[in-house]
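Reader: Hi! Could you walk me through this model before I set anything up with it?
Author: Happy to, here it is.

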Amino acid sequence: KTIEHDVERALPSSPWSPREGRLSPMPSPMPSSPSTEADIVLAHTHIATAVFVSFFLAAAVGAEVGFGGWLPTYAIDYLDVSEETGALSTSIYWGSFTVGRLASIPLSARMQPQTYLLVDVAVALVASLVHLTGKSLGALWLGSAMMGVAIASMFPSCVSLPQALGVAPSGGLTSLFVAGSSVGGLGVPFVLGGAMDRFGPRALF
């Protein structure tokens, strides 16, 4: 009797009852509480942020490739310049793109991604206005350089944006971004080419 009492004291949560010689039912665990409304809203916000960034990446990469590819055609057909001048405009664009990508490294440490993206979009819009309102070599050089600088930092800013907004990085999120940028890099130049063929070279902007 003393031994049984000691065993019961040592194993109070055991389903085995030495006195009755059988298993006794254990209390069922408490069910987990359902997700709160705030958690559901937060999850939907994260999904919307990821989808928005993917679309923005598609547009940014598409503009990067499409503008660089169709800029000589615009310069030759609309401004009536030589092929060498058209090629030079592309060199200016990609040169300024390289400078902008390098400058984005220290600048991104001092600016939030969303602020950086707003600045990029504003500069790209001004560059488009320069191209649309000025039919000269000066406008071509200036607009190409501004466009290169503006587009250069869009991709890294887009990639950093979800984490700045509280969305944790994951493999699925990275795959979504890669898919969006790939679709944009293939689709946007094709659409730009068709628009330029139908509406003229100024459709590039």
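Author: We can go from the overall picture to a few local details.

Reader: Great. How is the secondary structure of the protein chain made up?
Author: This is a predicted model, and its chain has seven helices and two strands. Starting at the N terminus, the order is α-β-β-α-α-α-α-α-α.

Reader: And what pLDDT does the chain average?
Author: The average is 81, and 79% of the residues score at least 70. Residues 1-8 have a pLDDT below 50, and this stretch has four contacts in the model beyond near neighbours in sequence.

Reader: Where else does pLDDT stay under 50?
Author: Over residues 30-34, where the model has zero contacts beyond four places in sequence. Where pLDDT is low, the predicted coordinates should not be read in detail.

Reader: Noted. How much of the chain is buried?
Author: Of the 205 residues, 34% are buried. As for contacts with a separation of 6 or more, 72% of them link residues 24 or more positions apart.

Reader: Let's switch to H4. How many residues does H4 have, and how far does it reach?
Author: H4 covers residues 113-133, so 21 residues, with 30 Å from the first C-alpha to the last; that is close to the 30 Å expected at 1.5 Å a residue.

Reader: Which residues in H4 are buried?
Author: Pro113, Tyr116, Leu117, Asp120, Ala124, Ala127, Ser128, Val130 and His131. They sit on the same side of H4, because they cover an arc of only 155° around the axis.

Reader: Why would a spacing like that line up?
Author: An α-helix has 3.6 residues a turn, so residues three or four places apart point the same way.

Reader: And what is exposed on the other side of H4?
Author: Leu118, Leu125, Leu129 and Thr133 are exposed there.

Reader: New topic: at what angle do H5 and H6 pack?
Author: At about 20°, with the axes 5 Å apart; H5 is residues 137-152 and H6 is residues 154-164. That angle makes H5 roughly parallel to H6.

Reader: Which residues meet there?
Author: Ala150, Ile151 and Ala152 from H5 meet Met154, Phe155 and Pro156 from H6.

Reader: One last thing: what is the phi of Asp80?
Author: Asp80 has a positive phi of about 60°, although it is not a glycine. Most residues other than glycine have a negative phi.

Reader: Where is Asp80 found, and is it buried or exposed?
Author: Asp80 lies in the loop between helix H2 (37-78) and helix H3 (83-108). Asp80 is exposed, with a relative accessible area of 69%.

Definitions and conventions: Residues are numbered from 1 along each chain as its sequence is written. This is a predicted model: local features need pLDDT of at least 70, side-chain atom pairs count only at pLDDT 80 or more; totals for chains, interfaces and linings use all residues. Side-chain values use heavy atoms; hydrogens and water are left out. Helices (H or I, at least four residues) and strands (E, at least two) are DSSP runs, numbered from the N terminus. Buried means under 20% relative accessible area, exposed over 50%, partly exposed in between (1.4 Å probe, protein chains only). The arc is that of the directions from the helix axis to the C-beta atoms. pLDDT is the predictor's confidence in each residue, from 0 to 100. Contact means heavy atoms within 4.5 Å. Axes are lines fitted to C-alpha atoms, for helices over the stretch in contact, and angles run from 0 to 180 degrees between N-to-C directions. Angles under 35 degrees count as roughly parallel, over 145 as roughly antiparallel, 65 to 115 as roughly perpendicular and the rest as oblique.
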